[in-house]
Amino acid sequence: MLMPARLPTIGVLAFDGMAPFELGCVVEIFGLPRPELGVPWYNLRVCAETPEPLRAVGGFTLRAAHGLDVLASCDTVIVPGVADVRGPVSEELILALRVAHERGARMVSICSGAFALAAAGLLDGREATTHWKHADLLQRRFPAVSVNASVLYVDGGDVLTSAGSAAGLDLLIHLVRTDHGPGVANAVARRLVIAPHREGGQAQFIEAAVTPVDDDDAVARAMEWALGNLAGPISVGGLARVAHMSERSFIRHFKRQTGTSPLRWVISQRVSASLPMLESTAVPVEEIAAAVGFDSPVTFRHHFTRAMRTSPSAYRRAFGGSSRGREPARVHGDRQA
C-alpha cells in the first residue's frame with residue numbers, strides 16, 4: 001500500500017530532572033516502526049528547551065535532537081511532566097505550547113505535565129486531570145481549571161490530560177484508538193502486554209491489581225481457574241474449593257493479595273472481557289452479557305455502567321469504530337484515598 005508522504009508528527013518534551021518512565025512510554029508507542037499494522041505510523045520528535053545533556057532520574061543523561069521550535073510545529077504535542085510542580089514554567093515553553101495550540105495541534109499531558117498546559121492557559125475553563133497527589137495543588141495554582149482527580153484521563157478533543165505514570169499509557173493507547181480505530185489500538189496494547197482499555201479511574205488499580213505470586217499459590221490457581229470459566233457460575237465457595245481453602249481463609253488471602261474481594265474481582269474481569277466484543281463485533285449486548293457470565297443483561301448493564309461510567313451501548317458507539325467527532329470522553333472511577 002502507498003504510504004503518505006508526510007507522517008503525522010508527535011512532539012514530546014524532554015527536560016532536565018525528568019523521570020524517564022513517561023517519556024519512555026511515548027517513545028515505545030509512537031517511536032517504534034510498526035509496518036505489520038498496515039497503517040501510516042508516526043514521526044516522533046523528542047524536543048527540549050536546550051541542546052545540552054538532560055539529567056534523568058536514575059543517574060543517566062540524554063540529549064534531545066530537536067528544540068522548542070520543532071515541538072511547536074508538531075501535530076500532537078505531549079508534555080510528560082514538569083521538573084517542579086510548584087515552580088514556574090519557562091516563558092519559552094509557554095510560548096511554544098501556545099503556538100502549537102493556536103496552529104491546531106493536539107495537546108496532551110501526562111501526570112504533572114498538566115501544570116505546563118495550565119501555565120500556558122490551555123486548561124482554562126476546561127476539565128483536566130493529573131496525578132491524584134498533585135490534584136489539589138493544580139486546583140490551587142490554576143483556579144480556572146476544573147480539576148477532576150477521579151479519572152485516568154480526560155479527552156477534551158484538542159486538549160487531553162491523564163493521571164499519573166501508568167495512566168499515561170491509557171491515554172496514549174486512546175490516542176492510537178482515536179487515530180486508527182480499536183483494532184490497531186488493541187494490537188499495540190497486546191504488544192505492550194497491557195489492557196487496551198481499563199475500567200475505573202485512579203483508584204481502580206487497587207481493586208483490579210494482581211500481586212505476582214508463585215505458580216503453586218492457591219489464590220493464583222483460583223484466579224486462573226476463574227479467568228478460564230468466566231462464562232459459567234463463579235462463587236466464593238467454588239473459588240475456595242479450587243484453592244483448597246475454607247471460604248473464610250480464601251477471602252482473607254484474596255483480599256491481602258489483590259486489595260479487593262473475590263466477587264468484585266470477578267465482576268471487574270467480566271466487564272473487562274466484554275470490552276473486545278463491544279469494540280470489534282456486532283454481537284447483541286444480551287449475548288455478550290451471557291458470554292462473560294452475567295446472569296442477565298440488566299445485571300451486566302448495572303455493573304458495566306458502575307465500572308465504566310457509561311453504558312455498554314454508549315461504549316460500543318465510542319470505541320467500536322473511529323472516535324473522531326464524538327463528545328469529550330472521561331475515563332472515570334473513585335478517587336484514591
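This is a predicted model: local features need pLDDT of at least 70, side-chain atom pairs count only at pLDDT 80 or more; totals for chains, interfaces and linings use all residues.
**Exercise 1.** Work out what span helix α14 should have, and compare it with the distance between its end C-alpha atoms.

Solution. Helix α14 covers residues 297-308, which makes twelve residues. The expected span is 1.5 Å times one less than the number of residues. For α14 this gives 16 Å, and the end C-alpha atoms are 16 Å apart, so the two values agree.

**Exercise 2.** Decide how the buried residues of α14 are arranged around the helix axis.

Solution. Start with the list: Phe300, His303, Phe304, Ala307 and Met308 are the buried residues of α14. Viewed down the axis, the buried residues of α14 lie within an arc of 110°, and therefore they line one face of the helix. An α-helix has 3.6 residues a turn, so residues three or four places apart point the same way. On the face turned away from the buried side, α14 carries the exposed residues Val298 and Arg306. Just after the helix, Arg309 takes a positive phi of about 60°.

**Exercise 3.** Locate Cys111 and Ser165, and classify each by its accessibility.

Solution. Most residues other than glycine have a negative phi. Cys111 is not a glycine, yet its phi is positive, at about 55°. Cys111 sits in the loop between β6 (106-109) and α4 (114-119). Buried means under 20% relative accessible area; Cys111, at 9% relative accessibility, therefore counts as buried.

Ser165, also not a glycine, has a positive phi of about 45°. The loop between β10 (159-162) and α6 (167-180) holds Ser165. Because its relative accessibility is 30%, Ser165 counts as partly exposed.

Notes. Residues are numbered from 1 along each chain as its sequence is written. Side-chain values use heavy atoms; hydrogens and water are left out. Helices (H or I, at least four residues) and strands (E, at least two) are DSSP runs, numbered from the N terminus. Buried means under 20% relative accessible area, exposed over 50%, partly exposed in between (1.4 Å probe, protein chains only). The arc is that of the directions from the helix axis to the C-beta atoms.
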